[in-house]
Amino acid sequence: MNATLRRSEPRDADALTRICLLTGSSGSDATGRYSDDRVLGDIYAVPYAVRDPHWAWVVDNGSGARGYLVATPDTTAFEKWFIESWWPERDAVYRANANAETLSLIDGVQRRRDEAALFAETYPAHLHINLLDDLRGGGWGRTLIETLVEQLRAEGVPGLHLVASLDNENAQRFYEKLGFERLESAAGASYGMLLG
């Protein structure tokens, strides 16, 4: 498949949301799991691209994004913005008709700042990455992460972390192959990489 890597643009918001949904259950489709299929994208993808597209990339096959990596070099600042500016209006909308699974997800949003603080000093940057099936195994995951790492190093960011689902063993093996080390955490399978 011919595809290219490019910076995320505002027109990609719906695609980011869709990709996040189609990979939102430990790498598999989460359609119908939550009371609103947009909630995952509004937590784990779109806000990063909105706040700073300089840290957001998509893999585009010519008809739109099929994969993405979104990140922030400063988790503490991002979480402050997310909790105070991005999430409050969305919280009210999603909470209004939430099923139990959605309530559990959005209640976890309030714990994000505390969880982020565990890694913020040593690994201040964090990322989210998702690829649709047709991109997996083709080197795009590695390309996206290497692109991010190169930019973080160029800007003097000392470390990067991420959290993978405990159920997603393929993702965990992938991160370990790229040089991430497992971190002690109660928040899923947490990984860090020192960049200095």
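Two strands count as paired if DSSP finds at least two bridges between them, with strands (E, at least two residues) and helices (H or I, at least four residues) taken as DSSP runs numbered from the N terminus. In this predicted model, Leu 194 in β7 is the bridge partner of Gly 159. Before we go on, some bookkeeping: the model is predicted, local features need pLDDT of at least 70, side-chain atom pairs count only at pLDDT 80 or more, and totals for chains, interfaces and linings use all residues. Residues are numbered from 1 along each chain as its sequence is written, and side-chain values use heavy atoms, leaving out hydrogens and water.

Strand β5 (residues 159–164) and strand β7 (residues 189–194) run antiparallel over 6 bridges. They belong to an open sheet of 7 strands with mixed pairing, ordered β1-β2-β3-β4-β5-β7-β6. At the edges sit β1 (4–7) and β6 (181–183), each pairing on one side only. From one strand to the next, the twist averages 30°.

Now for what lies on the sheet. Helix α7 (residues 140–154) lies across β1, β2 (56–60), β3 (65–72), β4 (125–131), β5 and β7, and runs at about 160° to β4; axes here are lines fitted to C-alpha atoms, for helices over the stretch in contact, and angles run from 0 to 180 degrees between N-to-C directions. Helix α8 (residues 169–177) packs on the sheet too, touching β4, β5, β6 and β7 (contact means heavy atoms within 4.5 Å), and its direction makes about 15° with that of β7.

Next, helix α5. Its residues Thr 102, Leu 105, Ile 106, Gly 108 and Val 109 are buried, where buried means under 20% relative accessible area, exposed over 50%, and partly exposed in between (1.4 Å probe, protein chains only). Down the axis of α5, the buried residues fall within an arc of 150°, so they line one face of the helix; the arc is that of the directions from the helix axis to the C-beta atoms. Their cover includes α2, α4 and α6 (112–117).

Finally, the charges. The structure holds 12 salt bridges, each a side-chain nitrogen of Lys or Arg within 4 Å of a carboxyl oxygen of Asp or Glu. One of them joins Asp 107 and Arg 95 at 3.0 Å, N to O, linking helix α5 (residues 100–109) to helix α4 across 12 residues. Another pairs Asp 12 with Arg 6 at 2.8 Å, and both residues are buried. Arg 6, Asp 12 and Asp 60 form a salt-bridge network.
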